[in-house]
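Let's take a friendly walk through this protein together, one element at a time. Keep the viewer open beside you as you read.

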Amino acid sequence: ANLGDLLQGGSRIQAAWPAEDQLLAFSQRIELQRALTRLGYDVGKADGRIGSRTREALRDFQERAGLRPDGYPNRRVLEALDGLPLDITLHDNTSGIAAMLTGGKPGPTVLLRADMDALPMPEDTGLDFKSNVENAMHACGHDTHTSMLMGAARILSSRQADIPGRVLFMFQPGEEGYNGASEMLAEGLLDVGTDSPVTGAFAIHAASNIPGGFLGLKPGTIMASSDTMTITVKGRGGHASAPHFTMDPVPVACEIVQALQTLVTRRIDVFDPGVITVTQIHTGTTSNVIPETAMINGTMRAVSERTRTLIHDGIRRVAEGIGAAHGMDVDVQLNLGYDVTVNDAEFASFAADVATAVSGDRNVRMMENPVMGAEDFSYVLQQRPGAMIFLGERLRPRQWVGVVLVIVAVTAIAGLGG
């Protein structure tokens, strides 16, 4: 809890990111190294102590990317945790791992989370450690998340006697659409070791749009909800030369798409925003036949449950109303995805203090706006207060990042637990 006192002079956390191509200045690297030294790390030997082992795991995860909530990442994590003073709980329905470290002093229990799964897409980077699993790539940084939580487990295990309380390491599968967090919660994640209940939860997410070495966060909503929609316009097909004998669903579908954008700009509060994005329109089989149906697919995102509800109600009203105006039936299917991710204000402030202690107060930013992506860590934060933090990964030069950025990530998440 006293990590925030490691840097003198108080926090001077800024709100704006550096210029597009600006990375950490030399003076900021020196400040970072001094902060790490106060934390007890020999930066000159860091690559041997922390960086090389974590980078080895990172490359291993990249090469053997996993998609479903089972398989290789689970085995690799268990190998890395072997020999550490951790009580391991394996989950039944997924490959989730809960590893509890009990400190030598009484205190609260803090949860630290990393997601392990990859994305279903080919990797065309040409790197010598690119994924060798067909149609699987760690394009969202989960290999980084897992590697740095493994590193944090090693750091905190080496200081077990000095830790007041306990640390629960949550290695989660299935964030990319499988809702692995809810699966682990349903299996009793927060009940692991009932001596001391979990009182706070933290996660760090890599962000390629933030300069390497910088950390960003904010109190309140930090990530949006994400839902999907499928709208089917049901008409009557016929020959393209005689549209008056048909009920053409194509122009009706186009009208619905346009009206959904107007719904956002005219019915949604600009200070409580939402986004409707149509990503697919499927209809027809050839050029001279009017089809029977037209199908619209897309996503909806919001930064509050109020706006989320307004968008859902609005989509039904607009789509069904336009269909009715043209004498056609419209079927609207709205599928709930992940909820809004909300940081607790006090825990976000604590996380900012830890980030400042690790990386220097010029390298931490309080974000003005949430990210419109979505996360199933939201379900953990619904049950326990905590915070999600973003770690900058826009990297150059790569040689320097191997030592310092890895330590920033590992030490920051270890600091949240210690």
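This is a predicted model: local features need pLDDT of at least 70, side-chain atom pairs count only at pLDDT 80 or more; totals for chains, interfaces and linings use all residues.

Strand β12 is joined to β8 by 10 bridges, and the two run antiparallel. Strand β10 is also antiparallel to β12, with 9 bridges joining them.

Next, turn to helix α6, residues 249-267. Its 19 residues reach 26 Å from the first C-alpha to the last, close to the 27 Å expected at 1.5 Å a residue. Which residues of α6 are buried? They are Pro 249, Val 252, Ala 253, Ile 256, Val 257, Leu 260, Leu 263 and Val 264. Seen down the axis of α6, these buried residues fall within an arc of 145°, so they line one face of the helix. That face packs against several elements, including β8, β10 and β12 from the paragraph above, along with α7 (305-325) and β13 (329-338). On the face turned away from the buried side, you will find the exposed residues Gln 258 and Arg 266. At the start of α6, a side-chain oxygen of Asp 248 comes to within 3.0 Å of the backbone nitrogen of Val 250.

The buried residues of α8 include Ala 348, Ala 351, Ala 352, Val 354 and Val 358. At its start, a side-chain oxygen of Asp 344 lies within 3.1 Å of the backbone nitrogen of Glu 346. After α8 comes Gly 360, with a positive phi near 95°.

Finally, look for Asp 339, in the loop between β13 and β14 (341-343). Is Asp 339 buried or exposed? Its relative accessible area is 17%, and buried means under 20%, so Asp 339 counts as buried. The side chains of Asp 339 and Gln 382 are joined by a polar contact of 2.8 Å. Among the other residues that Asp 339 touches are Ser 225, Glu 305, Arg 308 and Tyr 379.

Key: Residues are numbered from 1 along each chain as its sequence is written. Side-chain values use heavy atoms; hydrogens and water are left out. Helices (H or I, at least four residues) and strands (E, at least two) are DSSP runs, numbered from the N terminus. The expected span of a helix is 1.5 Å times one less than its number of residues. Buried means under 20% relative accessible area, exposed over 50%, partly exposed in between (1.4 Å probe, protein chains only). The arc is that of the directions from the helix axis to the C-beta atoms. Contact means heavy atoms within 4.5 Å. A polar contact is a pair of N or O atoms within 3.5 Å; within protein, one must be able to donate a hydrogen and the other to accept it, and residues adjacent in sequence count only if both atoms are side-chain atoms. Two strands pair if DSSP finds at least two bridges between them. Lists of a residue's contacts leave out its neighbours within four places in sequence.
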